[in-house]
Amino acid sequence: MAAKLESSGRNANRWSLSGMNALVTGGTRGIGHAVVEELAGLGAVVHTCSRTETELNKCLLEWEAKGLRVSGSVCDVSFRHQREKVIEVVSALFNGKINILVNNAGISFRKPTVEYTAEEFSTIMSTNFESAYHLSQLAHPLLKTSGAGSIVFISSVAGVVSLGTGSPYAASKAAINQITKNLACEWAKDNIRTNAVAPWYTRTTLVDHLLADKSFLDEIISRTPLRRPGEAEEVSSLVAFLCLPAASYITGQVICVDGGMSVNVLSIKRVLALNAVFCWHLGRGGNWNEKRSRRRVLLRGERVEVIATQMAAAAVIACGGQAIISWTAPCRVN
Ligand SMILES: NC(=O)c1ccc[n+]([C@@H]2O[C@H](COP(=O)([O-])OP(=O)(O)OC[C@H]3O[C@@H](n4cnc5c(N)ncnc54)[C@H](OP(=O)(O)O)[C@@H]3O)[C@@H](O)[C@H]2O)c1
């Protein structure tokens with residue numbers, strides 16, 4: 001197979017975006033910035049947009065200095081007429097066809113559901129979901145004309161499981177995950193593939209303030225098998241792969257880039273350890289009202305680190321009763 005691909009000359013092209021062009025929304029910071037550099041580094045000509053002209057101009061100069069072929073427009077993707085304008089610009093720039101659309105621009109602010117105003121709800125939905133939907137509609141003829149189009153949505157694991165990121169944000173990302181599947185089926189006949197990349201906490205300006213809080217960061221780390229947040233370049237590499245000819249049979253997929261977080265269920269070992277920490281906590285005069293207790297536990301010879309919360313401990317006791325307490329008897333908490 002490999003020899004056959006080599007001899008047909010396809011092998012070299014499978015890992016290159018040379019001759020292709022792309023629109024990436026929100027390319028001046030974070031994941032979008034890394035995506036612009038990744039696509040341009042693989043040979044694509046890229047157009048990007050953001051709301052802040054000074055930052056955009058600074059990025060364009062830096063990319064030029066690096067020899068990357070990137071242009072840009074000021075555009076707020078939450079407004080319909082500005083989305084229409086940016087597609088007009090791209091169509092003129094790339095002679096009526098584009099190969100790649102990366103719907104990346106997104107915002108998030110978290111609060112309890114009952115506190116969101118109608119305006120806040122609408123801003124999150126129009127920036128994160130409606131913009132991606134409408135830009136895909138507008139780009140459809142350009143992608144089709146290219147002969148081999150690829151759309152990548154930047155979703156989030158918050159659209160797959162409940163994470164406390166704020167319900168409108170989670171709903172906007174879950175909607176993205178669904179249109180990824182619908183468009184994959186509807187537009188396959190036009191040779192347009194659609195996929196979504198769903199990151200977990202990734203170090204960017206969107207979440208830097210959250211990760212600066214040590215207890216928040218510790219909680220993220222404790223839920224992540226790879227024991228750290230992600231980097232923007234670890235997301236952009238998958239985005240680029242999905243745009244390559246090498247990914248030509250992949251469509252309709254939502255792929256998590258999350259250090260294993262979404263497959264990491266609360267293991268029985270962790271439940272038992274939580275119980276042990278809680279018993280230790282009560283034994284030392286702790287009480288139900290204390291919010292959390294972080295401890296290392298030696299559980300049947302293996303060291304486990306846990307953050308015991310009231311709620312988790314209550315659940316352990318409610319579910320496990322005496323059997324769990326006796327099983328965890330050999331635990332040592334230190
Ligand atoms: N970082 C994470 O942990 C994480 C996790 C899961 C998913 N995500 C998703 O990844 C995507 C990128 O997030 P990020 O962390 O890279 O965010 P970021 O660091 O805040 O960067 C966002 C980029 O999008 C632009 N942007 C924001 N709103 C825009 C609008 N209305 N119109 C045009 N451009 C806009 C920003 O520039 P201006 O502000 O100048 O417009 C900036 O270039 C988002 O969809 C986010 O939901 C991020």
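Predicted model: local features only at pLDDT ≥ 70, side-chain atom pairs only at ≥ 80, totals over all residues.
Residues are numbered from 1 along each chain as its sequence is written, and side-chain values use heavy atoms, with hydrogens and water left out.

Show N and O pairs within 3.5 Å.
- Thr205: an N or O atom of the side chain is 2.6 Å from a ligand oxygen.
- Ile31: a polar backbone atom sits 2.8 Å from an oxygen of the ligand.
- Cys75: a backbone N or O atom is 3.5 Å from a ligand nitrogen.

On its own, the ligand has 890 Å² of accessible area (Shrake-Rupley, 1.4 Å probe). The protein covers 97% of that area.

**The largest nonpolar core**

Next, select Leu39, Val46, Val102 and Val197. Of the 33 residues in the largest nonpolar core, these touch the most other members. Such a core joins buried (under 20% relative accessible area, 1.4 Å probe, protein chains only) Ala, Val, Leu, Ile, Met, Phe, Trp, Tyr and Cys residues through side-chain atoms within 4.5 Å.

Colour the suppliers. Among the elements giving at least two residues each are β1 (21–25), α3 (30–41) and α10 (232–243). α10 gives the most, with 7 residues.

Now centre on Leu39. Its contacts (heavy atoms within 4.5 Å) include Val24, Val46, Val102 and Ala240, not counting residues up to four places away in sequence.

Finally, select Cys75, Val86, Leu101 and Ala196. They are among the 24 residues of another core, apart from the largest one.

Methods: Buried < 20%, exposed > 50% of the residue type's maximum accessible area, 1.4 Å probe, protein only. Helix = DSSP H or I, 4+ residues; strand = E, 2+ residues; numbered from the N terminus. Polar contact = N/O pair within 3.5 Å; in protein donor to acceptor, adjacent residues only side chain to side chain.
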